Amino acid sequence: MEKIALIMGESARNLVIGQRSLDRLAGIGEVVLGTGSDRDSVKKAISGATIAVTTWGNTPLDADILSVCPDLKLVCHAAGSVKPIVCDDMWDRGIRVTASAAMLSMGVSETALGFTIAASKNFFALNENLHRGGWAEGKENIRELYELTVGVVGGGWAGRHYIELMKAFDVDILLYDPFVTEEKCAEMGCRKAEFRELLEKSDIISIHAPSIPETYHMFSADTLPLMKKDAVLINTARGSIIDEKALYDHMSAGNLKYACLDVYDPEPPAVDSPLRTLPNVIMTPHLAGLASNGLKKIGQHVCEEIERFLAGKEMMCEVTRDMLARMA
């Protein structure tokens, strides 16, 4: 019989795993509810476990913790990046790892779609105008999602789902991702492009890349001027990908229709951040991933991944050691 250890505190557990998911897990094996994510609590809960479920804030599963669960064979991370919890000892023991990035990415890409529609339709400026007593001023800046070029930076879970959503519109989709082949792009319904081409041709650019050294300040004083003057820039990925000073300088000079930002560097942005002063910089407080009731989708996904693993099927979001270098 499987022993499934949920090695997290009650508040964290209630955030991502609903009662339906707990009942589903109980049908798979013995469920142990942890009392916290600190080392002592984790060791107590994971002792003798064959499957462990982690989430945000968990301590890394190092050799000391793994010593109390010699039969552990699967770790399901009920969150996005597994980097905070994995270590070489896990890989060396052949423990399989899966995460919930696909579930979180759905919220991210759907938020990016919302920004895409709202910015194209000029909702933000028209709303402000109506509140000031105006009416239709600004309607001339409306653009439908028709015969536009949409650039996507990053072809991971969120980027792929965003592309799928954009296929509902009659637009050309470019993808910049060094790890995605032209053949894979064709399967996804987009065209592979180099970064410069994407900047120069896109009417809308949506960022879905990880925060790694290669993506740091991709959008900078050198690259932002390559974009169309009336383009829309959307970032629901990581704040470090945009040089915020360069973005402010570029936009305060009258460039870009909108920058729609959900992530910043640092977070939260400083109270006196100059980006806060620009009316066409649309800012939300890092809410693009699953939020509120939507977080319970993660628990459902954990159940599905465990069932797939035990049935000998391919897991949807398995993470390997080789994948870490290009992941967030």
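This note goes through a predicted model point by point, for a reader who is new to the structure.

1. The open sheet. Seven strands form an open sheet in the order E8-E7-E6-E9-E10-E11-E12, with parallel pairing. At its edges stand strand E8 (191-192) and strand E12 (281-283), each of which has a single partner strand, so one side of each is left without a neighbour in the sheet. Further in, E6 is paired with strand E9 (residues 204-207) in the parallel sense, over four bridges, and in this pairing Gly151 stands opposite Ile205 in E9.

2. Strand E4 and its two partners. Strand E4 (residues 74-77) pairs in the parallel sense with strand E3 (residues 51-54) over four bridges, and four bridges also join E4 to strand E5 (residues 96-99), again running parallel.

3. Helix H6 and the residue after it. Helix H6 (residues 101-120) has 20 residues and reaches 28 Å from its first C-alpha to its last, close to the 28 Å expected at 1.5 Å a residue. Of these 20 residues, 15 are buried, so H6 is largely enclosed by the rest of the structure. Just after the helix, Asn122 takes a positive phi of about 65 degrees. The C-alpha atom of Asn122 is separated by 9.2 Å from that of Glu140, although the two residues are 18 residues apart along the chain. Glu140 itself belongs to the loop between H7 and strand E6 (146-153), and it counts as exposed because its relative accessibility is 62%, where the cut-off for exposed is over 50%.

4. Helix H12 and its surroundings. Helix H12 (residues 296-310) is made of 15 residues and reaches 22 Å from its first C-alpha to its last, which is close to the 21 Å expected at 1.5 Å a residue. The buried residues of H12 are Ile298, Gly299, His301, Val302, Cys303, Glu305, Ile306 and Phe309. Ser21 counts as buried because its relative accessible area is 8%, and the cut-off for buried is under 20%. After H12 comes Gly312, whose phi is positive, near 75 degrees.

5. The second largest pocket. This pocket holds about 280 Å³ of space. It is lined by 14 residues, of which Phe124, Ala125, Glu128, Tyr258 and Pro279 are the closest to its centre. Helix H7 (residues 123-131) gives the most to this lining, with five residues. By type, the lining of the second largest pocket divides into five nonpolar, six polar and three charged residues.

6. The cavity. A search of the whole structure finds one cavity of 30 Å³ or more, and the volume of the largest cavity is about 30 Å³. The residues that line the largest cavity are Asn235, Gly239, Ile242, Glu244, Leu247, Leu261, Val263, Tyr264 and Leu275, and they divide into six nonpolar, two polar and one charged.

7. His217, in the loop between E9 and strand E10 (232-235), has a positive phi of about 50 degrees although it is not a glycine, and at 22% relative accessibility His217 counts as partly exposed. His286, which lies in the loop between E12 and H12, has a phi near 50 degrees, a positive value in a residue other than glycine, and His286 counts as partly exposed at 39% relative accessibility.

How values were computed
Residues numbered from 1 in each chain as written. Predicted model: local features only at pLDDT ≥ 70, side-chain atom pairs only at ≥ 80, totals over all residues. Heavy atoms only, no water. Buried < 20%, exposed > 50% of the residue type's maximum accessible area, 1.4 Å probe, protein only. Pairing = 2+ DSSP bridges. Helix = DSSP H or I, 4+ residues; strand = E, 2+ residues; numbered from the N terminus. 1 Å grid on protein atoms, 1.4 Å probe; cavity = no way out; pocket = protein on both sides within 12 Å on 5 of 7 lines; lining within 4 Å. Points joined across faces, edges and corners; volume = space filled by probe spheres on them. Nonpolar A, V, L, I, M, F, W, Y, C, P; charged D, E, K, R; others polar. Expected span 1.5 Å × (residues − 1).
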